[in-house]
Amino acid sequence: MTARPSRGPADDKLGSLEPTGSVRRRPKATSLMVLGALGIVFGDIGTSPLYALQTVFSVDQGEVKATPDDVYGVISLVFWSVTVIVSVKYVLVVMRADNDGEGGVMALAALARRTMHSVRGRRLAVVSALGVLGASLFYGDSVITPAISVLSAVEGLGVTGLGVTHLVLPIAATILTLLFLAQRWGTARVGSLFGPIMLLWFVVLALAGLAEVLRQPGIVRSLLPTYGAAFVVSHPGIAFIALGAIVLSITGAEALYADMGHFGRPAISRAWFAVAFPALTLNYLGQGGLILADPTAISSPFFLLVPEWARLPLVVLATAATVIASQAVISGAFSMSRQAMQLGFLPPLSVRQTSERQMGQIYLPVVNAAMFVAVLVLMLTFQSSQRLATAYGVSVTGALLIDTLLLLVVARTLFGWPTWRLVLAGVVFGGIEATFLAANLTKVFHGGWLPLLIAAVMFTVMTTWQKGRTIITEKRNREEGPLEDFVEHLHENPLTRVPGTAIFPHPTKQTTPLALRANVQHNEVLHRHVVIVSAITQNVPHVPADEQVIVDDLGYAHDGIVHLLLKYGFADSIDIPEGVRQATRQEGSELDFDPDQASYFVSRATLRYAPGAGMSKWRTLLFIGLARNAADPSVRFGLPAQRTIVMGTRLDI
């Protein structure tokens, strides 16, 4: 998915979200697409075997024992959790609910809002809040995944006999530092290696697990759901605590849906059912068989699956796989931030395209720096993947449950599901996820508070920004005044017309751009051609090129004032100069000027706190701080620096 710059309230307001009938062509499931999906989509869930079972058998000082009943029960719960949540819910159901080919919680929330045509008010607000909360929980998860993944891989050095256990933390920190530093150059050059490396990883997972299954064939019986049910019934308390760790086996499930825009549902489905799912199943079975044969293997069941000579190469391969998994999470955070910016939930941030060929290759310096600091602090604080696991799971299960709630909305309005099917999906998917969430809430005082804190901070930032934008929009509308009245004033008080073209980025054709009003009041001149440009983000990921540009003379053609509407999806990049060029090239266009010689006038407001504006003081000051640190509008809109004039004003909030 592609990040693009967005408008800030201190500059120009974001247009309303509108549905469109455009249909994006879905990618075909070619072999290259399947390989690419393996490299990007399955990194997180594909590296879960590194720490999932190890964590299960270490919770609460080993309450889960290495006995046949417990091992069979745990493996059964792991297998059926992956089957129901990943295979059934996400691959077979949720991925049908694509928003013009795109996935992810923000896209799902946007789709839910778009399908609720007859619903207004509180219900629509609840759907929007769920989308924001899901995105906030994703941020909480995204800072833990790189830390626990890389750390768990490097900890494999402890079973190689090299005696370098004391170097695990510095090595893991160094790897993550290099990974975050490399983000500014993108992954286009090495991205082609991700697929083959992850394919090798899944093959190794399958072979390592299969070898142990052949030695312990009885472990295959754990695939029966009766063993999981018996474990829960006979040890309800222990099973409840174990569920808090079993959920680690499905972390990364949401990525299958979130990355659908890159590869399409067919490629992801085939990669899952043909490669990832069988490999994960065999590996979990193998680890279960190993634990039954040697209970001491619970210390590191993944690495102890292979002979001693193969452990160091496996550590290297595992480290490469976890780096790829971490890269997928970082890229996902960039994409999520871009979507939130375009939908008006985050302030506009600097976005850099790191590849000329792949639109999804983007870099957000602020997000990258914040994640890097958070990941390092996490790693240095918890110091081991086992301790980090106590903080993992709360945000993951919360996000899964939110996806289910939004899915039920879409299934009712878009799929036309009958009530019984909605109830069944809610009970099965929602019931399992609610149980996982409840089990993970027991971790809150043992590290689980951390992702919740991150999510709470992000939720506060996103809702504050959205509320502040609404207030600023209302104030700017009053300051700007109707465009019709402004033009009428020009008729009554003619001004000197100077050669050239002045382009004013502005969210609507109903009001007068502040920069245009200031230019007339202070300079008492008007350019021969005046173009008011509105770039709006619609409630779909992409808008076809032939639907992006609409020219309206507003009835003021004889005054040389026209309005240009540029439509973008929330996964498109805003480029106003290119939009203007496209408008001048349209057949029969009345825009008779050279777009490469036009001047751009941007209005930027200085915000000042004023009591009684609609938000509490602390939220107002937070909003002002966010606005002051927003990216330069001329950069966000792609305006040429040498032909852009920024004109200021002051607004109280």
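Trp465 and Phe623 are both buried (under 20% relative accessible area with a 1.4 Å probe, protein chains only; exposed is over 50%, and partly exposed is in between). The two form a tilted aromatic pair, with 4.9 Å centre to centre and 35° between the planes. Rings of Phe, Tyr and Trp (its six-membered ring) pair if their centres lie within 6.5 Å; planes under 30 degrees apart are stacked, over 60 edge-to-face, and the rest tilted.

Trp465 belongs to helix 19 (residues 449-480) and Phe623 to helix 23 (residues 617-628), 158 residues apart, and the pair links these distant parts of the chain. Helices (H or I, at least four residues) and strands (E, at least two) are DSSP runs numbered from the N terminus.

## Basis of the model

This is a predicted model, in which local features need pLDDT of at least 70 and side-chain atom pairs pLDDT 80 or more, while totals for chains, interfaces and linings use all residues. Residues are numbered from 1 along each chain as its sequence is written, and side-chain values use heavy atoms, with hydrogens and water left out.

The structure holds 13 aromatic pairs. One of them, Phe79 with Phe277, is stacked, at 5.9 Å centre to centre and 10° between the planes. Because Phe79 lies in helix 4 (residues 68-93) and Phe277 in helix 13 (residues 260-293), this pair ties together parts 198 residues apart in sequence.

Phe79 and Phe277 are both buried.

## Charges over rings

Arg96 lies over the face of Phe415, 4.4 Å from the ring centre. The charged end of Arg184 sits over the ring of Trp185, at 5.7 Å from its centre. A charge counts as over a ring if NZ of Lys or CZ of Arg is within 6 Å of the ring centre and within 35 degrees of the ring normal.
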